[in-house]
Amino acid sequence: MLRRGDYLIFLATLLLLPWLYFTLWGDQRAGEYAQILVGGDQQALVSLHQPQTIEVAGALGLSILEILDGKIRFITSACQGKQCIHRGWINLGGEVVSCLPNQVSIAILGGEQRFDAINF
Amino acid sequence: MSEPGYRQILTQPRDHRIAWWAALAITIHIVESALPSPIPGLKLGLANVVVIAVLILYGWRDALWVALLRVLVGSLLIGTFLTPTFILSLTGAVASMLALGVTYYFSRMLPNWAPGALGYSVLAAQAHMLGQFTAAYLLLIPHPALFKLLPVLMTAALVFGVISGMIAAAMIDKVEKRAHSGTSG
């Protein structure tokens, strides 16, 4: 009953649909820079494409950040909860990790911003 | 001789045929417009069954007539003529007829690759949805967030295209059997 032309149209549709889901529902483009803030003041603006570890002096002590393959994370922090470390890697535009006790936070710039504003 | 002031318009069998099929499509269109829809733009599109059947039985030109008459008369009867609904309906119909036309005349050159009712129906549903979506984005809601809806709508179009394609195939089967047994449709 089905002809070759039918299969061709089905094939085209089955290729089109995953592509649509992937491009329109996929991750927003990754960010380019990490903005490092201490107590709300920008301490540094670093590229995510340059692997490095950064030491930041916060309110309680040192926080150490690692940049690798376009993403950034807290490695150690002088806080108690270590929530910032458990947050893990971030890389998408608009993502934020913050260590409230130590007042150190990282925000990803560039890419497609996922939030208009964040208050805390 | 006809009386002065009157001119008789002669109708061809083809005109009658198109009128009959268009009437069927319009009826289905109106009945379907009474059904509620969960997402704007999501409709089964059963009237397209008629268009696909006409395309395969009588060719693209007749199908174009039926599709455009359905949009025009259907909107006049429902009361949506020249409203955004009508514009979306028209762009959808035009887009699907363009896609069908290209495929139809292309498959005449390569008869081995000609699709059947199911393939045409899926193609028409996808093109209809894309055309309608483009019109909705450009004219009504020019916001990038609308694109989040597109994959869902296209998936729905695929499902609905398969359903109408199966109905169209059954319909064509019956019409051809009646034509072979001597009675006219």
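Reply: Strands are DSSP runs of E with at least two residues, and helices are runs of H or I with at least four, numbered from the N terminus. What you see is a predicted model, where local features need pLDDT of at least 70 and side-chain atom pairs count only at pLDDT 80 or more, while totals for chains, interfaces and linings use all residues. Residues are numbered from 1 along each chain as its sequence is written, and chains are lettered from A and ligands numbered from 1 in the order in which they are written.

Let's pick A:A107, which sits in strand β7 (residues 104–109) of chain A. With 22 other C-beta atoms within 10 Å, A:A107 is buried (20 or more is buried, 12 or fewer exposed, in between partly exposed, with C-beta atoms placed from the backbone). Beyond its neighbours within four places in sequence, A:A107 is in contact with A:Q35, A:L37 and A:V96; contact means C-beta atoms, placed from the backbone, within 7 Å. A:G5, on the other hand, is 102 residues away in sequence and 51 Å away in space, C-alpha to C-alpha.

Now for the sheet. In chain A, 4 strands line up as β2-β1-β7-β6, an open sheet with antiparallel pairing (strands pair if DSSP finds at least two bridges between them). β2 (41–47) and β6 (96–99) of chain A each have a single partner strand, so one side of each lacks a neighbour in the sheet. Strand β1 (residues 33–38) of chain A is joined to β2(A) by 6 bridges. For instance, A:I36 has A:A44 as its bridge partner in β2(A).

Technical notes. Two residues are in contact if their C-beta atoms, placed from the backbone, lie within 7 Å.
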